[in-house]
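The exercises below are meant to be worked with the sequence and the model side by side. Please try each task before reading its solution.

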Amino acid sequence: MKILGFNQNIHWKDKNRNFQDIEKAFHHQESDIFLLPEMFPTGFCMEPEDIADRNEESLSWMKSFAKNKNAAVCGSVSIHEHQKFYNRMYFVEPDGNYSQYDKRHLFSFSGEDKVYTAGNKRMITQYKGIRILLQICYDLRFPVFSRNNGDYDLTLYVANWPEKRVEAWQHLLKARAIENQAYVFGLNRIGTDGNGLFYKESSHCFFADGSEISQKEGELISAEINLEKLIHFREHFRFLDDRDAFEIK
């Protein structure tokens, strides 16, 4: 399975322009999954009343994109639902079916918890035989929530993680791969957002042993997910069998 991510310089609060940039970046590309950053249509904005989807406009665009590319597309979006705002990650398949995950750990340092509502459950979806855990940005700092109970093979993290804290981002991505014996693909945005925060290119994909497996070309980053290789690694190093016994509620 091939995953192709876009190190997107997100235009602040400009959905149509961001959609156009994504279509241009991926126009001649083929992949099984196209990956986009956190709040890719607008940037990580704490003014959801201005930006949140109310009529599934971003989801509709993702469905159209997935159908046209005959591939899955994944990224997070600010949405309004039942009088609440959510930072919601969609995983959309070519046939229009989709999975969704609402960000569990809201970034209180920026006030995200004051304007968005936290999700209350994990989401593991399956695509082309790969079990995929969906996660958003700040979730990365909480390893209990991403604990592998033998129920997933790959984690997708989408983020707006600024340069000033990028060392944590890079080290934690690798740690999550090692401790969970899973592939971890972390996609970050680039450029400067509407709050003046700068984001440098820092997307990565790690194998279960912590080795970097991604390839980068311009604004794109890709990685091949080999389930057979992962199964062989897990069977040889049976570290997950020795994990502590507890459940996440």
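**Exercise 1.** Decide whether Gln-181 is buried or exposed, and find where it lies.

Solution. At 1% relative accessibility, Gln-181 counts as buried, where buried means under 20% relative accessible area, exposed over 50% and partly exposed in between, computed with a 1.4 Å probe on protein chains only. Gln-181 belongs to the loop between helix 5 (166-180) and strand 9 (183-188); helices (H or I, at least four residues) and strands (E, at least two) are DSSP runs numbered from the N terminus. Its phi is positive, about 45 degrees, although Gln-181 is not a glycine. Most residues other than glycine have a negative phi.

A note on the model belongs here: it is a predicted one, in which local features need pLDDT of at least 70 and side-chain atom pairs count only at pLDDT 80 or more, while totals for chains, interfaces and linings use all residues. Residues are numbered from 1 along each chain as its sequence is written, and side-chain values use heavy atoms, with hydrogens and water left out.

**Exercise 2.** Describe Met-39 by its phi, its place and its accessibility.

Solution. Phi of Met-39 is near 45 degrees, which is a positive value in a residue other than glycine. Met-39 sits in the loop between strand 2 (33-35) and helix 2 (48-51), and with a relative accessible area of 0% it is buried.

**Exercise 3.** Which side chains make polar contacts with the side chain of Lys-103?

Solution. Begin with the location: Lys-103 is in the loop between strand 5 (98-102) and helix 4 (112-115), and at 1% relative accessibility Lys-103 counts as buried. A polar contact is a pair of N or O atoms within 3.5 Å; within protein, one must be able to donate a hydrogen and the other to accept it, and residues adjacent in sequence count only if both atoms are side-chain atoms. The side chain of Lys-103 makes such a contact with the side chain of Glu-38 at 3.0 Å, and another, of 2.9 Å, with that of Glu-112. When residues up to four places away in sequence are not counted, Lys-103 also touches others, including Phe-44, Asn-87 and Tyr-138, contact meaning heavy atoms within 4.5 Å.

**Exercise 4.** How do strand 4 and strand 5 pair, and which residue stands opposite Asp-102?

Solution. Two strands pair if DSSP finds at least two bridges between them; strand 4 (residues 84-92) and strand 5 pair in the antiparallel sense over 5 bridges. The residue opposite Asp-102 in strand 5 is Arg-88. The two strands form a hairpin with 5 residues between them, and in the turn Gly-96 has a positive phi of about 95 degrees.

**Exercise 5.** What kind of aromatic pair do Phe-107 and Tyr-138 form, and which parts does the pair tie together?

Solution. Rings of Phe, Tyr and Trp (its six-membered ring) pair if their centres lie within 6.5 Å, and planes under 30 degrees apart count as stacked, over 60 as edge-to-face and the rest as tilted. By this rule the count comes to 19 aromatic pairs. Phe-107 and Tyr-138 are edge-to-face, with 4.9 Å from centre to centre and 65 degrees between the planes. Because Phe-107 lies in the loop between strand 5 and helix 4, and Tyr-138 in the loop between strand 7 (130-136) and strand 8 (154-159), the pair ties together parts that are 31 residues apart in sequence. Both Phe-107 and Tyr-138 are buried.
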